[in-house]
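Please keep the sequence and the model at hand while reading.

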Amino acid sequence: MNARMKPAASAWQAVIGLEIHAQLSTASKLFSGASTAYGAEPNTQTALLDCAMPGTLPVPNREAVRKAIQFGLAIDATIAPQSVFARKNYFYPDLPKGYQISQYELPVVGAGRLRVRVDDGRVIEVEIQRAHLEEDAGKSVHDAFHAETGIDLNRAGTPLLEIVSAPVLHSAAEAVAYMRTVHTLVRWLGICDGNMQEGSFRCDCNVSVRRGSDAPLGTRTEIKNVNSFRFVEKAIEYEIERQIRALENGEAIVQETRLYDPARHQTRSMRSKESADDYRYFPDPDLPPLVIAAADIARERDALPELPQARRERYVAQLGLPEADADQLCADRATADYFEAVLAVLPGQAKLCANWVLGEVAASLNEAGIEIAAAPVSAAALAQLLARLREGSISGKIAKDVFAAMWAGEGSADAIIEARGLRQISDSGALAAAIAAVLAEHPSQVADYRGGNEKLLQFFVGQAMKRTRGQANPQQLNELLRRALAG
Amino acid sequence: MRFGALQRRAKFGRSRFLNVCFHMSLDHAAVRHIARLARLAVADDQLESLRSDLQRVLHLFDDLAAANVDNLVPLAHPHDQALSLRDDVVSEIDRSAELLALAAASQGGYYLVPKVIE
Amino acid sequence: MSAASIAALAAELAAGRRSARELAEDALLRAERGAALNSFIRIDADGARAAANAVDAQRAAGAAPSQLSGIPFAHKDIFCTRGVATTCGSRMLRDFVPPYDAQVVERLASAGAVSIGKTNMDEFAMGSSNENSAYGAVANPWDTARVPGGSSGGSAAAVAAGIVPFATGTDTGGSIRQPAAFCGVTGLKPTYGRVSRHGMIAYASSLDCAGVLARSAADCAVVFDAIAGFDPRDATSVARPAEATLALLDQPLAGLRIGVAREYFGSGVQAGVGERVHAALAELERLGAVLVDISLANAHHAIAAYYVIAPAEASSNLARYDGVRYGHRTAQARSLDELYSLSRAEGFGSEVQRRILVGTYALSAGYYDAYYLRAQKVRRLIANDFAAAFAEVDLIAGPTAPTTAFRLGEKAGDALAMYAADVNTVAVNLAGLPAISVPAGLADGLPVGLQLIAPAFAEARMLNAAHQLQQATDWHLQEPAA
């Protein structure tokens with residue numbers, strides 16, 4: 001949809017590839033036993049290795065390897081039976097050893113693919129070239145010290161999974177949809193918390209344009225470290241536009257690294273960055289090859305949860321949910337699990353359960369600013385409420401009130417219905433009495449109605465509802481009212 | 001095409017050919033470039049003696065060209081051993097005071113370097 | 001007493017004739033007297049006394065002493081010692097006090113051995129003469145106008161001069177064996193991965209080995225047994241259990257096949273060296289060994305391969321020395337670039353700088369395949385040669401070095417000539433094999449070393465052969481004039 005911001009004489013095609021860095025949610029770092037917890041005081045989570053003390057050596061974290069394997073299996077990729085850690089050599093203060101331990105020619109995860117639903121309804125299959133393990137760098141603090149930069153190595157050594165897509169995305173929308181899909185997946189698998197504010201999920205975007213899909217690839221620029229879906233979209237849109245405009249003006253695109261400036265909504269060239277650093281990759285002599293046995297892969301495969309794509313399809317095909325509902329429920333695993341827990345109590349009521357999870361529950365979560373795992377109303381509690389609704393004990397409107405009360409901590413659905421006397425009135429005698437009272441109070445409206453003004457039925461319904469404090473069973477009330485009015 | 005072949009692109013227009021010539025004559029620009037990659041300051045008056053020293057060592061490497069290495073797998077680790085892994089357990093305590101004390105310049109818990117502009 | 005073996009000293013201690021404290025004081029005194037050799041960078045008298053006192057207290061309390069408890073020794077200044085400055089022979093780490101102990105340090109401390117200090121070495125283990133130290137050259141006790149060899153020159157000199165009965169060392173291209181040969185002591189380089197590198201400051205990670213210099217193969221065996229074994233903190237450490245070598249020293253040599261590679265006896269070998277080595281081989285034959293002619297056809301490629309691989313790995317290992325978190329920091333930096341390039345230019349000596357530059361070049365874009373990768377293939381070739389030879393023989397023998405100790409300053413200006421001194425030793429590191437240098441007598445008054453190379457993990461066999469030779473001869477007992 002947004003491949004071109006404005007029409008041009010010849011059709012330009014944008015070519016985009018994303019490199020996503022997902023911080024793996026292990027307790028300790030990739031090569032040392034220091035903690036990966038976010039938010040600690042500077043330099044309090046550094047093992048000697050993380051400070052690059054002379055004589056220290058890396059030993060890889062088993063759990064990081066497992067998480068990488070899980071991701072690989074989830075994207076149908078080959079898991080390399082032997083992969084190699086390599087050193088990427090460059091100097092920067094947040095890189096204490098003067099090299100980053102990464103993977104180069106032989107990554108742990110090979111080529112795979114991911115089906116992505118773009119917001120215009122199309123489904124595209126995105127090829128992922130590879131995913132590899134590497135360690136994160138520390139952090140620089142530029143503005144806290146006069147004329148100096150402060151270095152915090154807490155983050156140095158945290159495990160990252162770098163996920164590299166092929167350059168097969170052709171619009172900002174496709175890129176964001178892909179990024180969202182990967183984001184959902186890594187959270188779904190429980191390998192990354194996806195917290196972009198904390199830097200657990202970062203994206204580098206490679207962008208180029210060419211005149212038509214058969215033209216040779218244009219020069220690409222790299223937009224580094226974009227950490228929100230919105231910024232990725234804006235940055236890519238801006239960059240595509242910038243490149244097209246430059247090329248149409250006869251200028252060449254410089255291969256360079258750029259940063260997205262959210263304040264000005266534009267990308268700009270990184271100053272003082274050397275032209276293409278020579279990283280002098282070579283296999284790390286401190287680390288023999290990582291061997292992954294077929295048995296290990298099989299065990300991880302068996303332990304994989306039902307993936308979001310498969311669940312989504314099951315919801316549509318077997319539960320009959322609309323695709324939009326299935327999409328939303330499967331946006332994260334906790335929500336889908338919650339939904340299924342409710343459904344387990346109310347088999348056959350998929351739509352009802354979906355409506356409530358995506359409706360009242362979602363709205364309440366949003367308002368409270370919490371995740372579903374912290375919801376004060378459990379799936380079981382909601383299921384009880386919906387059961388009462390289904391059996392007619394309460395009306396839909398009352399059910400919403402009860403839900404609000406449950407959310408506020410007043411107790412279970414049954415307790416609240418009991419305590420507030422909210423049971424729906426379906427007793428025809430009680431209803432008849434209420435109707436009789438209403439008709440007696442409004443004789444002119446009765447006459448009007450009997451005179452042909454059938455719209456007044458709603459008026460009587462409203463009055464009767466008020467009289468019964470909203471607890472009248474609406475269908476019964478309606479039927480009895482008509483009869484009563486018919487005379 | 002091998003992934004990351006871009007990283008292998010020769011920096012200063014030198015040969016990418018693998019088996020024709022094993023070293024070019026090193027000129028001063030090359031020495032400066034390598035010194036820059038290695039972050040070693042080289043004074044102008046040292047440049048020539050360093051260049052000729054390095055050139056002599058590089059001559060040594062001509063010998064490699066004569067070896068018959070067809071079909072040989074590079075030997076990176078002397079023994080055929082697989083990587084042993086570590087359990088995911090936090091085993092380190094906070095030693096920040098002790099470690100920061102080893103640095104020549106630190107403040108407020110941070111290591112200090114001259115300001116970096118990004 | 002100065003030339004006493006570990007076993008003799010242990011007997012003295014066990015019999016109560018000497019205390020650990022007395023042994024320590026003797027060693028400290030000898031170190032002081034031998035100060036002109038400059039074999040130590042740092043003497044840790046307080047630490048030695050405290051450790052010795054602790055050993056004596058344990059003995060008094062009835063604790064069973066181990067082979068090494070109370071034995072004074074020294075650590076090459078490449079092993080991190082907690083609380084004691086560790087310089088690696090460099091200005092870069094002049095005041096660096098490590099916050100932890102190396103595995104080798106831990107093992108020897110828990111065995112009760114008493115370190116009296118840190119020995120001098122070529123800076124960052126790069127050198128073959130100990131002339132590349134920021135703390136001055138070391139003199140060879142046999143002729144103080146000559147080098148002791150390197151990079152473990154301080155350790156070799158300290159043992160040769162009888163200051164301590166043993167010292168730790170490291171060997172990346174011959175740095176234990178060659179100084180052992182030049183100084184007339186026994187030097188053991190274990191199989192790669194047999195001794196943990198945790199806490200051993202890295203030079204070339206795939207080649208570095210920790211080992212020991214002592215006055216005999218038997219003493220080397222005692223120390224080796226204490227330091228060998230798997231360490232989960234070193235991913236290149238081998239899990240295979242280490243068999244105790246001490247128990248196997250006395251096997252007879254009958255039928256032991258010893259390969260003699262013609263490539264080790266080429267024209268570069270000094271006449272006197274060749275004679276002594278042949279005499280040693282003849283002795284081994286008399287003991288029952290069978291000498292077999294073999295060829296290590298690619299031996300001549302070893303120097304080139306080594307001098308690509310080692311500097312390449314070193315260029316990366318030494319990138320951490322940048323003045324930020326420890327070590328030397330320039331006072332002059334006006335920018336980050338200057339912080340790095342000046343700290344490093346000021347902190348590193350010229351040989352280290354040269355090797356960093358060579359290594360950077362060998363890994364750089366356009367040269368990686370031709371240099372580094374090719375050198376790793378040549379390495380495979382050399383390893384294959386050894387493997388083929390070991391199908392025919394049990395050990396391989398030859399001169400440790402082509403010459404006896406050269407004069408101080410003789411090769412200092414000529415890097416290539418210096419490198420050529422390693423020709424017999426580097427191939428062993430490339431293949432990751434164990435080797436030992438044992439004294440084989442004197443040529444023109446200077447020690448000559450016989451090198452024995454064994455298959456991977458066959459230290460026991462090698463020590464056995466060396467020990468048998470030392471039972472039948474007294475070359476290892478010869479001492480320089482006081």
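The sections below take up the interfaces, a sheet and selected residues of a predicted model.

## Interface of chain C and chain B

Between chain C and chain B, about 5,700 Å² is buried, and carbon and sulfur atoms give 67% of that area. On the side of chain C, C:L357, C:Y361 and C:R374 lose the most area to chain B, and together they make up 12% of what that side buries. In terms of contacts, 68 residues of chain C meet 58 residues of chain B.

Five salt bridges are found across the interface of chain C and chain B. A salt bridge also joins the side chains of B:R56 and C:D414, with an N to O distance of 3.2 Å. Polar contacts between chain C and chain B number 17 residue pairs, both residues being at pLDDT 80 or more. Several helices of chain C each supply at least two residues of the side that touches chain B: α9 (302-317), α10 (336-347), α11 (350-363), α12 (369-390), α13 (415-420) and α14 (426-431). Of these, α12(C) gives the largest share, 14 residues. Sorted by class, the side of chain C that touches chain B holds 40 nonpolar, 16 polar and twelve charged residues.

## Interface of chain A and chain C

Chain A and chain C bury about 2,600 Å² between them, and 61% of this lies on carbon and sulfur atoms. The residues of chain A that lose the most area to chain C are A:P54, A:L57 and A:F91, which together account for 23% of what that side buries. The contacts link 29 residues of chain A with 36 residues of chain C.

One salt bridge is counted between chain A and chain C. The side chains of A:D286 and C:R197 meet in a salt bridge, at 2.8 Å from N to O. Across the interface of chain A and chain C there are 17 residue pairs in polar contact, with both residues at pLDDT 80 or more. Strands β3 (85-89) and β14 (282-283) of chain A each supply at least two residues of the side that touches chain C. By class, that side of chain A consists of 20 nonpolar, four polar and five charged residues.

## A sheet with strands from chains A and B

Four strands form an open sheet in the order β7(A)-β8(A)-β2(B)-β1(B), and their pairing is antiparallel. The edges are taken by β7 (139-145) of chain A and β1 (106-107) of chain B; each has a single partner strand, so one side of each has no neighbour in the sheet.

Within chain A, β7(A) pairs with β8 (residues 148-152) in the antiparallel sense over four bridges. One of the residues involved is A:F145, whose bridge partner in β8(A) is A:E148.

Although C:N130 is not a glycine, its phi is positive, at about 60°. C:N130 has a relative accessible area of 0% and is therefore buried.

C:S155 counts as buried because its relative accessibility is 0%. Apart from neighbours within four places in sequence, the contacts of C:S155 are C:K76, C:T119, C:N120, C:A167, C:T168 and C:L213.

## A positive phi in chain A

In chain A, A:R280 has a positive phi of about 50° and is not a glycine. A:R280 is placed in the loop between β13 (266-269) and β14 of chain A. The relative accessibility of A:R280 is 7%, so this residue counts as buried, the limit being under 20%.

Key: Residues numbered from 1 in each chain as written. Chains lettered and ligands numbered in written order. Predicted model: local features only at pLDDT ≥ 70, side-chain atom pairs only at ≥ 80, totals over all residues. Heavy atoms only, no water. Buried < 20%, exposed > 50% of the residue type's maximum accessible area, 1.4 Å probe, protein only. Contact = heavy atoms within 4.5 Å. Buried area = accessible area lost by both parts, 1.4 Å probe. Salt bridge = Lys/Arg side-chain N within 4 Å of Asp/Glu carboxyl O. Polar contact = N/O pair within 3.5 Å; in protein donor to acceptor, adjacent residues only side chain to side chain. Nonpolar A, V, L, I, M, F, W, Y, C, P; charged D, E, K, R; others polar. Pairing = 2+ DSSP bridges.
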